[in-house]
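Colleague: I have the sequence and the model open. Can we go through them question by question?

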Amino acid sequence: MTPRLRLAVIGVGHLGKEHARILAGLPDVELVGVVDVNPEQAQGIARQYGTRAFGVHWPLLNLVDAAVVAVPTVYHHAIATDFISHGIPILVEKPFTSTLAQAEELLGLARQHSALVQVGHIERFNPAFEEIQRRPLQPKFIESQRVGPFTGRSTDIGVVLDLMIHDLDLLLTLVKSPVQRVEAIGATMLGGHEDVVHARISFANGCLANLTASRVSPRPMRRMRIWAPEGYISVDFARRHLTLVQPTQRFRHQGLDPRLLAPTGRGRIKEELFDHYLQTCEMDCNSGDQLTRELEHFVQCVRTNTAPRVSGEDACSAIALATRILDSVRSHAWTGEGSGPVGPTQLPTPLGFLFPPEEREAA
Ligand SMILES: NC(=O)c1ccc[n+]([C@@H]2O[C@H](COP(=O)([O-])OP(=O)(O)OC[C@H]3O[C@@H](n4cnc5c(N)ncnc54)[C@H](O)[C@@H]3O)[C@@H](O)[C@H]2O)c1
């Protein structure tokens with residue numbers, strides 16, 4: 001019988017505790033320990049899943065076959081460096097690191113020590129995205145919205161590295177073409193980092209993408225819409241739901257020129273559009289949750305020493321694009337001149353209110 005793979009989770013906060021829960025339940029895995037600088041957190045999770053609690057990760061370097069790193073991003077580089085330097089495979093949560101230089105350094109180290117690196121771009125394991133990947137698609141326009149209320153976590157990074165990074169990785173997976181141009185604008189609401197960002201990315205193959213990310217939005221939404229010559233796809237990542245629309249055979253062969261139709265036929269276009277000319281397919285993609293699939297994939301890659309679906313190189317490319325977006329956000333001149341306010345923290349002074357005081361008080 002193959003021995004169980006010895007794993008540890010470093011950082012068992014909001015997400016790390018879910019990693020611990022799932023790993024503790026995988027039959028071919030032994031969760032040998034959980035690490036957290038908060039001793040109560042480490043002990044509580046260790047007790048729950050029948051494993052040992054640690055306050056630092058160093059003792060684990062001699063006890064594990066692989067590790068999951070789910071500490072705040074600012075600590076990813078230091079902790080990943082220790083595991084990689086010991087040739088230990090790691091799954092590092094997204095974003096891989098806080099800076100591009102750190103990501104590149106870790107990649108170099110991983111090559112030097114032949115250590116497998118997977119990065120937690122979890123949406124790649126979302127069954128809805130997997131379904132898209134099975135279809136022929138050459139995207140020409142992509143629009144994504146990833147917004148939600150402030151969680152009080154991930155305050156060490158801004159919304160680009162926190163939320164938009166998911167869509168940047170998906171975008172680079174879908175559009176296999178060099179990025180030509182990046183324009184972005186962002187604003188700070190809570191201080192420290194950008195909290196709302198809109199980015200426009202053009203690719204050498206003619207594809208254009210508009211991305212929005214916000215962590216100060218009252219209602220959560222994780223949606224992407226893709227237009228391609230093959231048709232249109234709308235993805236709801238939270239519901240794992242797809243809407244696919246494609247031109248019918250008839251439309252492909254005959255086209256639709258309303259000027260050639262008799263007035264009665266023209267009058268029916270509205271009712272017939274999504275029947276005669278365009279076909280729609282709604283799909284619920286419920287083949288398991290993405291975190292379990294991501295961890296099972298990691299375990300399988302470690303066991304078979306195969307390249308993971310989301311490699312360190314992929315994560316590095318996403319961070320490189322995020323860096324270009326952040327550069328654009330930081331250099332945006334709000335009044336069109338460098339001598340005026342620049343970047344996400346220096347918005348122009350408001351000129352007035354959008355609604356009168358009575359309504360402000362009511363709100
Ligand atoms: N893939 C996703 O969709 C997703 C979702 C949420 C968070 N994340 C990522 O996961 C990571 C953790 O986020 P979170 O929301 O769970 O944060 P969190 O603050 O809830 O948890 C982090 C935990 O790490 C512990 N910690 C801090 N420094 C440590 C150290 N040096 N060694 C050991 N433990 C340490 C903290 O005490 C805390 O319990 C971040 O990188 C974040 O971007 C990814």
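Colleague: By class, which residues make up the shell around the ligand?

Modeller: This is a predicted model, in which local features need pLDDT of at least 70 and side-chain atom pairs count only at pLDDT 80 or more, while totals for chains, interfaces and linings use all residues. Residues are numbered from 1 along each chain as its sequence is written. Ala, Val, Leu, Ile, Met, Phe, Trp, Tyr, Cys and Pro count as nonpolar, Asp, Glu, Lys and Arg as charged, and the others, Gly among them, as polar. On that basis the shell has ten nonpolar, ten polar and four charged residues.

Colleague: Which residues come nearest to the ligand?

Modeller: A residue is near a molecule or strand if its C-beta atom, placed from the backbone, lies within 6 Å of it. There are 24 residues around the ligand, and those that come nearest are Gly 11, Gly 13, His 14, Leu 15 and Glu 93.

Colleague: How many helices and strands are there in the protein?

Modeller: Helices (H or I, at least four residues) and strands (E, at least two) are DSSP runs, numbered from the N terminus. The count for the protein is eleven helices and 14 strands.

Colleague: What span should helix α10 have?

Modeller: The expected span of a helix is 1.5 Å times one less than its number of residues. Helix α10 covers residues 312–331, which is 20 residues, and its end C-alpha atoms are 28 Å apart.

Colleague: Which elements do the buried residues of α10 pack against?

Modeller: A residue is buried if 20 or more other C-beta atoms lie within 10 Å of its own, exposed if 12 or fewer, and partly exposed in between, with C-beta atoms placed from the backbone. Among the buried residues of α10 are Asp 314, Ala 318, Leu 321 and Val 329. Two residues are in contact if their C-beta atoms, placed from the backbone, lie within 7 Å. The buried residues of α10 pack against α4 (100–112), β6 (117–120), α6 (159–174), β8 (179–187) and β9 (196–203).

Colleague: Leu 172 touches which residues?

Modeller: Leu 172 lies in helix α6. Leu 172 has 18 other C-beta atoms within 10 Å, so this residue is partly exposed. Not counting residues up to four places away in sequence, Leu 172 touches Ser 317, Ala 318 and Leu 321.

Colleague: At what angle do the axes of α3 and α4 cross?

Modeller: Axes are lines fitted to C-alpha atoms, for helices over the stretch in contact, and angles run from 0 to 180 degrees between N-to-C directions. The axes of helix α3 (residues 76–85) and α4 come within 10 Å and cross at roughly 10°. Angles under 35 degrees count as roughly parallel, over 145 as roughly antiparallel, 65 to 115 as roughly perpendicular and the rest as oblique. The helix α3 is therefore, relative to α4, roughly parallel.

Colleague: Where is Pro 95?

Modeller: The peptide bond from Lys 94 to Pro 95 is cis, with omega near -10°. Most peptide bonds are trans. Pro 95 lies in the loop between β5 (90–93) and α4.

Colleague: Is Ser 114 buried or exposed?

Modeller: Ser 114 lies in the loop between α4 and β6. Its phi is positive, about 50°, although Ser 114 is not a glycine. With 10 other C-beta atoms within 10 Å, Ser 114 is exposed.

Colleague: Where is the place of Asn 305?

Modeller: Asn 305 is not a glycine, but it has a positive phi of about 50°. Asn 305 is exposed, with 9 other C-beta atoms within 10 Å. Its place is in the loop between α9 (290–304) and α10.
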